[in-house]
Structures are given as structure tokens and as C-alpha cells.
Amino acid sequence: MTYNDLSNRHEKDTPNRCWGYDEVRRWLRGEDVPVPGESAASESKPKFLPYSFGGVKHQTLESLVKAMLKDPAAGIREAGRGILTHHFSLFAPDLERICREAEANLQNNTDAAGSHQVFYRLMYRLAPKLKTIFCGGREFGSLAELLGYLKKLESEKGFSGYIRYIEEHREDLEFFAFAIPEEKSREALKLVLEDLDRAVFGEGELQFKNARAFD
């Protein structure tokens with residue numbers, strides 16, 4: 001009742017209106033009554049401050065995360081140097097903590113594949129509602145879309161072209177084979193990665209998925 005913002009204090013619908021007898025009575029009975037000023041306090045800090053990455057000023061967190069997943073090398077540099085940590089410290093302490101943890105892991109990690117995993121985990125923790133899959137800088141709306149792309153790649157460029165894509169983006173696929181919640185989806189990606197255990201002849205000009213393909 002001592003809340004100092006008296007603007008619109010007589011309007012019943014404003015959450016900043018000072019409590020009267022009715023609100024106090026309902027609160028004492030255990031009802032959920034909007035506390036004056038809470039909505040204003042929650043709006044005092046922006047949900048997201050614009051962030052420039054890749055020559056684009058991103059206005060939403062999801063836009064930034066997607067851009068970084070399309071260019072993981074640059075994203076890893078920004079996260080490892082503490083740029084992300086500093087940015088989120090300005091308005092989102094919970095996200096700052098996540099970035100600081102990843103920053104420390106990246107600075108202590110000399111393995112490129114390990115850094116890749118740390119970075120991907122960071123991105124999907126920052127945007128946990130993000131359902132799309134990123135592989136090789138490409139965005140796929142679902143696992144089925146990614147598997148369809150791989151099948152088309154094998155059909156158009158042969159097994160050698162398909163396996164080259166798997167090799168080049170192995171870290172991406174390994175992350176999702178571990179991180180996707182659905183077991184069937186994880187198993188599907190593990191089967192894709194098993195194709196790396198192929199038969200190679202000569203200097204790689206002949207590659208076979210299995211004995212049937214060799215026959």
C-alpha cells in the first residue's frame with residue numbers, strides 16, 4: 001500500500017493501483033492478487049538487447065542463436081572471448097550464468113570437437129524452445145527433413161558424396177545423436193554415423209557402405 005507510483009491509482013484494471021480494503025482482504029485469504037508495481041518492475045529491463053553478429057543486428061534471442069548455429073566457428077570465438085557473457089550480464093543474469101559456464105569450458109578446452117559440443121549445448125540452452133536442427137550451417141525443420149536431405153544427397157552424389165558430408169559435419173550429428181530427447185531419433189542419427197565405418201579402397205576413390213553394396 002506504500003507503493004510510490006500513484007499513476008492511474010484509481011483505475012481498477014491497472015496493476016500499479018495501490019491496494020485498498022478489498023485487495024488486502026483477498027490477499028489475507030490466500031488469493032493470488034497482483035502486487036502493485038510488479039509488472040512495472042518486470043518491464044524495467046528489456047527481454048533482449050539487440051546483438052550484432054555477422055553484420056546483422058539481431059533483435060531476438062532466437063534470431064541470434066540461429067545465426068550463430070549457422071556460423072559456429074564465429075559463434076565459438078564470441079562465446080569463448082566472453083562477449084556473450086558480457087552482453088547477457090546487462091539484462092539477463094540467468095543467461096549470463098549459462099554463458100559464463102560455457103566460456104570457462106571453451107577456454108579450458110583445446111579439442112576442436114569438444115569446443116563444438118560445448119558451443120552447441122550453449123546455444124540450445126539459451127533457446128530451449130528451438131526445435132530446428134542445424135548441420136553444416138543448414139537449418140532443418142525436423143530430423144525427418146535432415147534424413148531426407150541425406151538420402152537425396154546420396155542419390156545425387158553417390159555414397160562418396162554422402163559420406164563426405166557426414167565426415168565434414170560429424171560434430172553436429174554427434175551432438176544431436178546425444179542431445180535429442182527422443183530415443184528413436186537418437187538411434188536414427190547413430191545409424192547415420194555408423195556409415196563412417198565403411199570399406200575404403202585405394203585413395204578413397206572406391207567406398208562401400210556394406211558387403212551388399214560391394215557385391
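Predicted model: local features only at pLDDT ≥ 70, side-chain atom pairs only at ≥ 80, totals over all residues.
Visitor: What volume does the largest pocket have?
Guide: Rolling a probe the size of a water molecule over the atoms shows where empty space is left. For the largest pocket, the volume comes to about 370 Å³.

Visitor: Which residues that line the largest pocket are the closest to its centre?
Guide: The lining consists of 17 residues. Helices α7 (112-126) and α9 (170-179) each supply at least two residues of it. Closest to the centre are L130, K131, A179, I180 and P181.

Visitor: How many residues in the lining of the largest pocket are nonpolar?
Guide: Four residues of the lining are polar and four are charged. The nonpolar residues number nine.

Visitor: Is H87 buried or exposed?
Guide: H87 is found in helix α5, residues 83-89. Its relative accessible area is 9%. Buried means under 20%, so H87, at 9%, is buried.

Visitor: With which residues is H87 in contact, leaving aside its neighbours within four places in sequence?
Guide: H87 sits in helix α5. With the neighbours within four places set aside, its contacts are F48, L49, P50 and Y51.

Visitor: How many residues apart in sequence are the parts that the pair of F48 and F88 ties together?
Guide: F48 and F88 form a tilted aromatic pair, with 6.4 Å centre to centre and 55° between the planes. F48 lies in the loop between α2 (38-42) and β1 (51-53), and F88 lies in helix α5, so the parts tied together are apart in sequence by 40 residues.

Visitor: What relative accessibility does F88 have?
Guide: F48, the partner of F88 in the tilted pair, is buried with a relative accessible area of 14%. F88 also counts as buried, and its relative accessibility is 0%.

Visitor: What is the angle between the planes of Y120 and F175?
Guide: Y120 lies in helix α7 and F175 in helix α9, so the pair ties together parts that are 55 residues apart in sequence. Y120 is buried at 0% relative accessible area, and F175 is buried at 5%. The two rings are 5.3 Å apart centre to centre and edge-to-face, with an angle between the planes of 65°.

Visitor: Which residues form one aromatic cluster?
Guide: Y120 and F175 form an aromatic pair. Both also belong to one cluster, which is formed by F119, Y120, Y124, F175 and F176.

Terms used:
Residues numbered from 1 in each chain as written. Heavy atoms only, no water. 1 Å grid on protein atoms, 1.4 Å probe; cavity = no way out; pocket = protein on both sides within 12 Å on 5 of 7 lines; lining within 4 Å. Points joined across faces, edges and corners; volume = space filled by probe spheres on them. Helix = DSSP H or I, 4+ residues; strand = E, 2+ residues; numbered from the N terminus. Nonpolar A, V, L, I, M, F, W, Y, C, P; charged D, E, K, R; others polar. Buried < 20%, exposed > 50% of the residue type's maximum accessible area, 1.4 Å probe, protein only. Contact = heavy atoms within 4.5 Å. Phe/Tyr/Trp six-rings, centres within 6.5 Å; stacked < 30°, edge-to-face > 60°.
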